[in-house]
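Subject: Structure for you to look at

Hello,

The structure is below, and the notes on what was found in it follow.

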Amino acid sequence: MPVQYYIFLSVVLFCIGIMGVLMRRNAIIIFMCVELMLNAVNLLMVAFSKMWADAGHVDAGAAQIFVFFIMVVAAAEVAVGLAIIVMMYRNTHSVDINLLNRLKN
Amino acid sequence: MNALLSTAISGVILMFVGLFAKNKQSIKYFAIAALIVAFAANFIDLRYVLKMGPYTAYASMIKVTLFTTLFNAVILGCTLVYFLLTGSGFEKVGDEVAEYFALQFFILSGIMLATSFNNLLILFLAIEIISIPQYILAGSDKYNLKSNEASLKYFLMGAFSTGILLMGIALIYGGCGSFDLYKLGLGGISMSPLTLSGVLLIVFSLSFKVSAAPFHFWTPDVYDGSPTVFTAFMATVVKAGGFIAFIRLFQIAFQGGIVNQQWTLVLEIITACTLIIGNITAVYQQSVKRMLAYSSIAQAGFMLFSLLAFNLRAQQGILLYAAAYSLATIGAFSVLLKLKDYTFDGFNGLARKQPLLAFAMTIFLFSLAGIPLTGGFFAKYFVLTAAVQQGGMFWLVIVAIICAAISVYYYFKVIIAMYFKTGEPEVETPSGAYKAALILTVALVILLGIFPNLLLQFMK
């Protein structure tokens, strides 16, 4: 399959993620959308890795290693992020980010 | 490289120290000792680089240059001053003092990576190692709603900008076929649309991390909501670390040829927005803590000049700026920590009650405003002359000078409150050790303002 299909798919997934972050109000859903963005990038990395391997690059595997690093860092982020959301839920009994407006004044 | 290892290992050891330490004071002394060890390790790196020249390590994933080691020295020195001035404030935030120190050492190791990365993978890891501990530090005051909200907001915005950074890296890889900064080959005469969109996404995401306008909207809320001790760290050392990642990437990989024209104009607009929005909004603030948050945005505007100019002077400028700005802001926050009321009125009559605190605060604010004989003056002078030498952005230099004049207004509001208004400020009596550290910081700020060459003589 040509790499263009993968680029389009990843960009569409990435944009869905961005729209979700900007439009949803629930912290958990926003968090899921961020993960969707990261996974769109993973898909793109793997597709590009195959593309450069077909083009004869010797170190095209680097992008696949990069994907593992993204997964590890995303897992670390999940650990911290869910802890923060739980902490907030304990204090406010809600995960709605509209509560954040209190800081404005 | 030694500095990187020593900060990372110290972070791990500090978490265990928390288990065995009898009292909170000993943890602080241990952290200071670990920092001195890191400083010595960095000094070994510096001597090696001076003798043998730049070297690469870990399969050329990182490259240590003279600038790397000097910047590390500035970062570690500022952190040492930070620990001396505010180390006792950690206990007031919560019980997990050892963990707070450990997280700050992890941030430091991230900054050591950011000063030496040679590969986009390490750039990503460095930015994440700097960011993730900060989300925790921002929310460390667990039962305070403002701290919770600061933490959540910082986390969501930070994770979002990380996603954008990664997309930029992936697109650049698609266009260039490598992650190595020296093999990207962006300096040519043509570039693919994939690479161009990747470069722009990276510009946006890193502007986000250094809180440059129009990507600054999270900064005041996060800095205001976080515990003041940790705001002092985030607004200074960490911000300098973000800048060094930005500068290294752009000066090595994104320079020359067609790529330069693509992002220079975008970055000039970002710089102008940062200067204008940061300074004008700071004028309207009621709370000194929030004013310092906006002032950190405004100062980021000046630091962005060193990105736009590709000469030695710009490198000297960012080195001096990071040192002068960090020292002055850490000092100002440490004085703020001693006060109960963070509004401007809370400072009324401080000069009569605590003359030393008021004097130190005055020197720090002078330095932030860029008054001669303090470090801030030469810092601003160097970055602006670097931009003039580069040419082509004279309008931006004029904007910067007007904004520096505006900044004098809100910095002097605090000084006027301290010296010319009467009031009974609620202020904690400073300890002897704190006073000594404060005098040391004031001396450093003035020393940088009179002999900037003490720091810059190594950069030839």
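This is a predicted model: local features need pLDDT of at least 70, side-chain atom pairs count only at pLDDT 80 or more; totals for chains, interfaces and linings use all residues.

Ile450(B) counts as partly exposed, because 14 C-beta neighbours lie inside 10 Å. The cut-offs are these: a residue is buried if 20 or more other C-beta atoms lie within 10 Å of its own, exposed if 12 or fewer, and partly exposed in between, with C-beta atoms placed from the backbone. Ile450(B) belongs to helix H18 (residues 432-450) of chain B.

Residues are numbered from 1 along each chain as its sequence is written, and chains are lettered from A and ligands numbered from 1 in the order in which they are written.

Chain B overall

Chain B has 19 helices and 2 strands; helices (H or I, at least four residues) and strands (E, at least two) are DSSP runs, numbered from the N terminus. Its radius of gyration is 21 Å, close to the 23 Å that the globule rule gives for 460 residues, so chain B is as compact as a globular protein of that length. The radius is taken over C-alpha atoms, and the rule is 2.2 Å times the number of residues to the power 0.38. Along the principal axes, the C-alpha atoms of chain B fill a box of roughly 65 × 55 × 45 Å. Of the 460 residues, 61% count as buried. Among contacts in chain B with a separation of 6 or more, 80% are between residues 24 or more positions apart; two residues are in contact if their C-beta atoms, placed from the backbone, lie within 7 Å.

Places to look at in chain B

Helix H6 (residues 120-138) of chain B has 19 residues and runs 27 Å from first C-alpha to last, close to the 27 Å expected at 1.5 Å a residue. The expected span is 1.5 Å times one less than the number of residues. H6(B) is mostly covered, with 16 of its 19 residues buried.

Gly278(B) sits in helix H11 (residues 257-283) of chain B. Gly278(B) counts as buried because it has 28 C-beta neighbours inside 10 Å. Leaving aside neighbours within four places in sequence, its contacts are Ala213(B), Tyr294(B), Ile297(B), Ala298(B) and Gly301(B). One of these, Ala213(B), is joined to Pro214(B) by a cis peptide bond, with omega near 0 degrees. Pro214(B) is in the loop between helix H8 (193-209) and helix H9 (218-225) of chain B.

Two residues other than glycine have positive phi. Tyr58(B), with phi near 50 degrees, is in the loop between strand S1 (55-57) and strand S2 (62-64) of chain B. Leu373(B), with phi of about 75 degrees, is in the loop between helix H15 (355-369) and helix H16 (375-390) of chain B. Tyr58(B) is partly exposed, with 13 C-beta neighbours inside 10 Å, and Leu373(B) is partly exposed, with 14 other C-beta atoms within 10 Å.

Chain A and the contact with chain B

The contact takes 32 residues from chain A and 32 residues from chain B. On the side of chain A that touches chain B, the elements giving two or more residues are H1, H2 and helix H3 (62-92) of chain A. H3(A) gives the largest share, 15 residues. That side divides into 26 nonpolar, 4 polar and 2 charged residues. Here Ala, Val, Leu, Ile, Met, Phe, Trp, Tyr, Cys and Pro count as nonpolar, Asp, Glu, Lys and Arg as charged, and the others, Gly among them, as polar.

Helix H1 (residues 3-23) of chain A should span 30 Å for its 21 residues at 1.5 Å a residue, and its end C-alpha atoms are 30 Å apart, which agrees. Ser10(A), Phe14(A), Gly17(A) and Val21(A) are buried in H1(A). They cover an arc of only 55 degrees around the axis, so they lie on the same side of H1(A); the arc is that of the directions from the helix axis to the C-beta atoms. These buried residues pack against helix H2 (27-54) of chain A together with helix H7 (145-176) of chain B. The face turned away from the buried side carries exposed residues, including Gln4(A), Phe8(A), Val12(A) and Met19(A).

Regards
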